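This briefing is for a reader who is new to the structure. Please look at the sequence and the model before going on to the points that follow.

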Amino acid sequence: MRGQEPFDDTGPTSVLVQKAEPAFPDPVGKTLPNKRDARPGSWRRALGRDWQLYTLAVLPLAFFVIFRYVPMLGNIIAFRKYEPGGSLFGETWVGLRYVKMFLADPSFWNVFTNTLVLGTLTLLFCFPLPIVLALLLNEVRNSKVKRFLQSVSYLPHFLSVVIVAGLVMQLVSIDGPVNQLVKALGGEPTAFIQKPEWFRTIFVSSEVWQTVGWGTILYLAALTTIDEQLYEAARMDGAGRWRQIWHVTLPGIRPTAVTLLILNIGTFMTIGFEKVLLLYNPLTYPTADVITTFLYRMGVESSNLSYAAAIGLFEALVGVVLIVSANLISRRAVGTSLW
Amino acid sequence: MVTLDRTRGYRVFQGINAVILTGVVIVTLYPFVNIVARSFSEERYIVGGQVNLVPRGFNIETYKLVVSDPMFWTNYRNTVVYTVVATAIAMFLTTCYAYVLSKKHLRGRTVLIWVAVFTMIFSGGLIPNYVLVNSLGLTDTIWSVVLPNAISVFNLLVMKTFFEGLPRDLEEAAAIDGLNTYGVLWRIVLPLSKAVIATMVLFYAVSFWNSWFTAFLYLNDGDLFPVTIYLRNLIAGATGAEAAGAGLAEASAAAANIQAVTIMLTVLPILAVYPFVQRYFVSGVMLGAVKG
């Protein structure tokens with residue numbers, strides 16, 4: 001049906017190429033170049049026709065190259081000794097020295113474990129809770145009340161992580177509301193922020209507080225697209241509310257849920273490190289220190305940049321493996337994928 | 001047949017739902033109420049653990065104290081400047097690239113898209129970025145804050161999707177009338193895209209307003225700090241003192257007071273504009289989710 005649309009005649013030669021364009025939208029550019037484009041000379045033709053468009057891409061491309069791709073190559077310093085003030089790409093090859101070094105470093109394995117535990121806990125709470133909240137919000141019949149509830153629950157998303165950390169510190173401080181409650185219940189006030197055994201609870205709660213409300217948006221949108229007739233049919237078949245949710249609502253939001261799960265898994269390794277950096281202190285390192293905060297201290301504070309880069313590269317590669325396999329599994333299992 | 005909405009079970013559910021959602025509202029808003037109460041309280045009540053929902057020993061001395069710190073205002077002004085400059089740069093780059101990517105006939109478009117999307121999957125990482133910014137000599141300049149995160153790929157894709165949805169006829173007519181590509185973008189496309197531009201400006205502005213880590217990494221001069229770093233240093237100072245166990249009562253109480261006020265003053269602009277801009281954010285997220 002899109003083939004019926006007028007061609008995009010930006011120049012006299014464009015019709016040829018236009019005809020060969022695929023007739024479906026191509027959101028992330030999965031389309032392979034077609035045969036006509038591969039003909040020699042077509043680049044010159046494209047440049048002649050669209051050179052002004054290409055000039056618009058120059059500065060953004062420069063940004064991507066300088067601030068995204070050069071740092072990617074800069075990871076080479078994981079295998080080359082970097083001297084402060086020296087070359088961006090290091091001075092001399094040292095092979096796997098830094099990789100072996102961090103693999104043999106017990107502190108690394110501690111932060112690795114902490115990252116996995118914090119990431120898993122965060123995923124366990126921050127992924128399903130928005131679905132639950134969205135389902136509950138969806139049952140609110142009064143639209144004004146519903147809008148109010150949405151506005152309130154989205155609010156924490158807009159706060160700087162520094163402010164959230166500040167709020168958390170005040171809430172759990174020795175004189176804060178949490179300890180007031182503890183005292184009221186007859187307990188001893190605790191300096192929670194200094195206790196390694198409390199860090200994970202504090203971190204995950206604050207993450208839930210900040211992200212769950214905003215996380216409902218896409219689910220609420222998906223819920224409105226579910227065909228009312230499906231519910232009608234389910235009722236005809238004698239399905240109660242729970243069965244309707246199980247058989248109609250949940251399948252209806254599955255693509256959204258899978259997409260968000262893949263995205264969550266993609267950020268698993270670096271999750272919330274800025275907040276960790278703000279909330280932790282040497283006393284809570286045993287549970288709070290994660291890979292990114294560790295490599296920050298190693299690299300930026302102690303200037304072991306090559307060592308830290310080796311750890312960072314490891315972290316990024318694990319992240320890629322996670323997101324690619326999550327994408328693959330979901331494509332095979334439920335037919336939804338990011339690309 | 002009685003519709004199930006009227007059953008007793010459903011009414012019970014509605015009751016429970018109301019209780020849960022009220023709980024959500026309370027839990028979400030409570031930290032703000034508490035911080036307001038603390039910011040207006042006398043420090044001895046805070047230390048005594050007596051400040052909860054309402055201020056005790058109401059005063060505005062702490063506000064006067066924080067407001068009288070010239071560094072606070074310097075850093076606040078820096079936040080405003082960084083946000084404006086970074087948002088302007090980001091909007092320029094994002095708009096240009098999104099427009100290019102929205103042209104489906106363009107040769108090399110797939111590559112151009114993957115150049116951007118690949119950076120979402122794999123990023124260079126903290127250390128190489130740090131080394132790069134240092135080598136470029138950007139440390140302790142505004143550019144270290146406004147350049148490294150100039151394009152958000154998410155925003156880029158949102159804008160691209162929007163541009164793709166615009167009717168082509170107008171652009172074609174303008175091209176026939178002799179406007180070149182820049183003219184079409186500036187005079188035809190952008191005026192049609194006010195909604196998405198407003199959304200993108202807000203997305204970028206909020207993220208730059210809230211950011212602190214880039215500044216934390218690359219700025220050493222206190223005169224250049226954004227207000228988030230000012231606040232961060234207050235908080236870190238407080239935990240540092242507590243962790244060291246030194247002068248616990250005295251030091252942390254004064255800090256708690258000042259922290260509360262600084263948090264209030266930092267969060268106020270966000271709270272003030274939030275009710276008016278919230279819907280743009282929601283629509284922006286929807287636009288970005290078209291694919292998903």
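How far apart do the end C-alpha atoms of residues 112–130 of chain B lie? They lie 26 Å apart, and the span is 79% helix and 0% strand. The model is predicted.

**Chain B: annotated spans**
- An unreviewed UniProt entry lists "transmembrane region" at residues 12–33, 80–100, 112–130, 142–163, 184–209 and 256–277 of chain B.
- Residues 256–277 of chain B are 100% helix and 0% strand, with end C-alpha atoms 31 Å apart.

**Chain B: helix H8**
- Helix H8 of chain B runs over residues 153–165 and has 13 residues.
- At 1.5 Å a residue H8 of chain B should span 18 Å, and its end C-alpha atoms are 19 Å apart, which agrees.
- Buried residues in H8(B) include B:Asn155, B:Leu156, B:Leu157, B:Val158 and B:Met159.
- B:Lys160, B:Thr161, B:Phe162 and B:Phe163 in H8(B) are buried as well.
- In an α-helix there are 3.6 residues a turn, so residues three or four places apart point the same way.

**Chain A: annotated spans**
- The feature "domain: ABC transmembrane type-1" is placed by UniProt (unreviewed entry) at residues 112–326 of chain A.
- Across residues 112–326, chain A is 77% helix and 0% strand, and the end C-alpha atoms are 20 Å apart.
- UniProt (unreviewed entry) also gives "transmembrane region" for chain A, at residues 51–70, 116–140, 152–172, 212–231, 252–273 and 305–329.
- Residues 212–231 of chain A are 85% helix and 0% strand, with 27 Å between the end C-alpha atoms.
- For residues 252–273 of chain A, the end C-alpha atoms lie 33 Å apart and the span is 73% helix and 0% strand.

Key: Residues numbered from 1 in each chain as written. Chains lettered and ligands numbered in written order. Predicted model: local features only at pLDDT ≥ 70, side-chain atom pairs only at ≥ 80, totals over all residues. Helix = DSSP H or I, 4+ residues; strand = E, 2+ residues; numbered from the N terminus. Expected span 1.5 Å × (residues − 1). Buried ≥ 20, exposed ≤ 12 C-beta atoms within 10 Å, placed from the backbone. UniProt positions renumbered as here; feature names shortened; annotations may be inferred.
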